[in-house]
Every structure is written in structure tokens, then in C-alpha cells.
Amino acid sequence: MSIQLKLGGHSFSWNALPADLSTEAGDVEFVVLTHQSVVVPQEQFEPSLAANYLRLCGMPCNTEQTAVYSDPQAPIIAVMAIDSLCLHTLQEHLGGRVLFTSPLLTTPTKAASCIWLYRADDLLYIKVYDGTLRLAEVMHTPTDADVLYYIARLSKDFSLDTLLIDSSSDHRKETQKSLKRYFKQVLCE
């Protein structure tokens, strides 16, 4: 699992936390990169049921994992599975200052009608908008061919011809180049 500090884009292993995190004031938000991620509307969200949301979507926490979630007051909450020892270590070092988020909570600036994607390592975060959010999910896509296949399927199912690639994505230039042959408009934002 990769955890990234949102401000500054630091990436580190959870068992080697930067020393200055313990001394900084304020909350520390972590971006959790895992395929075990779902989004839940606020009106349907109950913190005590976080692990159940993952289980109901076919991505249950294993015995060494715990479900965490983003800001429960936001309109959409991301629920993610992380290593229980990782969570314990973060809470031990930072106490109640630990906050979590997911790339699934990113809102593209041109979200009217598009497929938005963000790649991190071998994970592909996808959101489909057709006037409103229609799909938000994470999947394993180790190669550009996997990305292309899945995006092509989605574009046919949703009849969309605009593809937005998050500018902070891994492999964004390679992904953009390979997808330009198949979509009328491929933008990096």
C-alpha cells in the first residue's frame, strides 16, 4: 500500500514516517492508494458500517486490514481498506490529527460529460460523468493496453468522447498518447 501526504506530494512507506510529521501542528491528510475503495453518499453513510460498504462491493477487509474513511461531513465519503498496523502507527504518531482521502474524491473541472482517470502505480481511478456522477471505481491496470480496453468499454457503454486525465497521474503522457487515437478529445487537467 502507498500512502501519500497530500500537501507536498511526499510518498513514503507507512513504517518509515517522516520525523517532522509528529512535530507539525494541524491535521495531516493521507491519500490512500488501494483498489479497495468505494464512495458512499453522505446521507447513506454510517461510520460504524465502513467495513460493510467494502464487503458489500466485493472488497472486504482481510484480517490484517481496517476500513477508514474520508471526511464524514462531505457530500461524498470515500471508504478504503488499509493495513491495521499502518493505522495504529499513524494514530500513535499523530493522534487524532490523521485524516484520509482518495483520488476518487477528486472533482474534475470539466465534469459535465466525460471519463476522468487518474493512474497511480498499477491502479486506475475512474469517474464517469454524464451530467452527474455515474460511476466511480478503482481497478488494477498494469499496462496501457489494460487501460485502453477498459476505457474503450466505458466510452461505448456511456457514449462519451471526452477523456480527462488528471495532471498528477503516473504515466499521464504515455496514457494520453495511446488514448488519443481512440477519443476525439483527451485532455490533461
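Q: Where in this predicted model is Asp121 found?
A: Asp121 lies in the loop between S8 and S9. Phi of this residue is near 55°, a positive value in a residue other than glycine.

Q: Why is Asp121 called partly exposed?
A: The relative accessibility of Asp121 is 49%. Buried requires under 20% and exposed requires over 50%, and partly exposed covers what is in between. Asp121, at 49%, therefore counts as partly exposed.

Q: What makes Ser37 a buried residue?
A: Ser37 has a relative accessible area of 4%. The cut-off for buried is under 20%, and therefore Ser37 is classed as buried. Ser37 is located in strand S4, which comprises residues 37-41. Leaving aside neighbours within four places in sequence, Ser37 is in contact with Leu54, Met59, Val79, Met80, Ser102, Leu104 and Val138.

Q: Why does the approach of the Ser37 side chain to the backbone oxygen of Thr34 meet the distance limit for a polar contact?
A: The side chain of Ser37 reaches that backbone oxygen of Thr34 at 2.8 Å. A polar contact needs a pair of N or O atoms within 3.5 Å, so the distance of 2.8 Å meets this limit.

Q: Which strands form the open sheet, and in what order?
A: Three strands form the sheet in the order S4-S6-S5, and their pairing is antiparallel.

Q: Why are S4 and S5 said to stand at the edges?
A: S4 and strand S5 (65-69) each have a single partner strand, so one side of each is left without a neighbour in the sheet. From one strand to the next, the twist averages 25°.

Q: How do you know that S4 and S6 pair?
A: Five bridges join S4 to strand S6 (residues 76-83), and the two run antiparallel.

Q: What makes the buried residues of helix H3 lie on the same side?
A: The buried residues of H3 (residues 84-94) are Cys86, Leu87, Thr89, Leu90 and Leu94. They cover an arc of only 160° around the axis, which puts them on the same side of H3.

Q: Which residues of the largest nonpolar core touch the most other members?
A: This core has 15 residues, of which Ile115, Ile126, Ile151, Leu154, Leu163 and Leu179 touch the most other members. Strand S8 (113-120), strand S9 (123-130) and helix H4 (144-158) are the elements that give two or more residues to this core. The largest share, five residues, comes from H4.

Q: Which residues does Leu179 touch, not counting those up to four places away in sequence?
A: Leu179 touches Leu117, Val147, Leu148, Leu163 and Val186.

Definitions and conventions:
Residues numbered from 1 in each chain as written. Predicted model: local features only at pLDDT ≥ 70, side-chain atom pairs only at ≥ 80, totals over all residues. Heavy atoms only, no water. Helix = DSSP H or I, 4+ residues; strand = E, 2+ residues; numbered from the N terminus. Buried < 20%, exposed > 50% of the residue type's maximum accessible area, 1.4 Å probe, protein only. Polar contact = N/O pair within 3.5 Å; in protein donor to acceptor, adjacent residues only side chain to side chain. Contact = heavy atoms within 4.5 Å. Core = buried A, V, L, I, M, F, W, Y, C linked by side-chain atoms within 4.5 Å. Arc of directions from axis to C-beta. Pairing = 2+ DSSP bridges. Axes fitted to C-alpha atoms, helices over the stretch in contact; angles between N-to-C directions.
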